[in-house]
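Welcome! Here is a short briefing to read alongside the structure. Take a moment to look it over before you start on the notes.

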Amino acid sequence: MYNLVLAVLAAVLLTSCSKVDGANPSQNKALNSVSGEQENKKGGYMQSKLDSWVKEEWTPAVEKNETIKKKNEDENRNFVLQEYVDKMEVYNKEHNSTTAESHTQKVSSMPVIGK
């Protein structure tokens, strides 16, 4: 009997809390702004720059390669990391033609990262 009374009291308490204005998560504006309940339709600066880079530089450079075109035709394939590495290699060959343009030597010469 004691357990039944506690269960009823807990149920009443929990249902009454959800009816208090602002306590319900869907009505709590501060929680919704943090949790992403109402997501912002407009992307941020970094996202827009990344989207434009992918659209204007990455995709045209990568889609020129015939082997990548053949791989992309099969939509039922499983993604493997090697596909991304192959695409990156094609992109780097087109955009970093010399080592002077690349930051690889600079990064490798840093004491913590490289030699």
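**Aromatic rings and a nonpolar patch**

Trp-53 counts as partly exposed, because its relative accessibility is 30%. Keep in mind that this is a predicted model.

**Aromatic pairs**

- The structure holds four aromatic pairs.
- In one of them, the ring centres of Trp-53 and Trp-58 lie 5.6 Å apart and the planes meet at 40°, so this pair is tilted.
- Trp-58 is buried, because its relative accessible area is 13%, and the cut-off for buried is under 20%.
- Trp-58 also forms an aromatic pair with Tyr-84, and this one is stacked, with 5.9 Å from centre to centre and 25° between the planes.
- This pair links distant parts of the chain: Trp-58 belongs to helix H3 (residues 45–63) and Tyr-84 to helix H5 (residues 81–95), with the two 26 residues apart.
- Tyr-84 has a relative accessible area of 39%, so Tyr-84 is partly exposed.
- Through ring pairs, Trp-53, Trp-58, Tyr-84 and Tyr-91 are linked into a cluster.

**Surface patch**

- Met-1, Tyr-2, Leu-4, Val-5, Leu-6, Val-8 and Leu-9 make a nonpolar surface patch of about 790 Å².
- One of these patch residues, Val-8, sits in helix H1 (residues 2–19).
- Val-8 has a relative accessibility of 45%, so Val-8 counts as partly exposed.

Note on methods:
Residues numbered from 1 in each chain as written. Predicted model: local features only at pLDDT ≥ 70, side-chain atom pairs only at ≥ 80, totals over all residues. Heavy atoms only, no water. Patch = residues over 30% accessible without salt bridge, like charges linked within 9 Å, V, L, I, M, F, W, Y side chains within 5 Å. Areas by Shrake-Rupley, 256 points an atom, 1.4 Å probe, with all protein chains shown as cover. Salt bridge = Lys/Arg side-chain N within 4 Å of Asp/Glu carboxyl O. Helix = DSSP H or I, 4+ residues; strand = E, 2+ residues; numbered from the N terminus. Buried < 20%, exposed > 50% of the residue type's maximum accessible area, 1.4 Å probe, protein only. Phe/Tyr/Trp six-rings, centres within 6.5 Å; stacked < 30°, edge-to-face > 60°.
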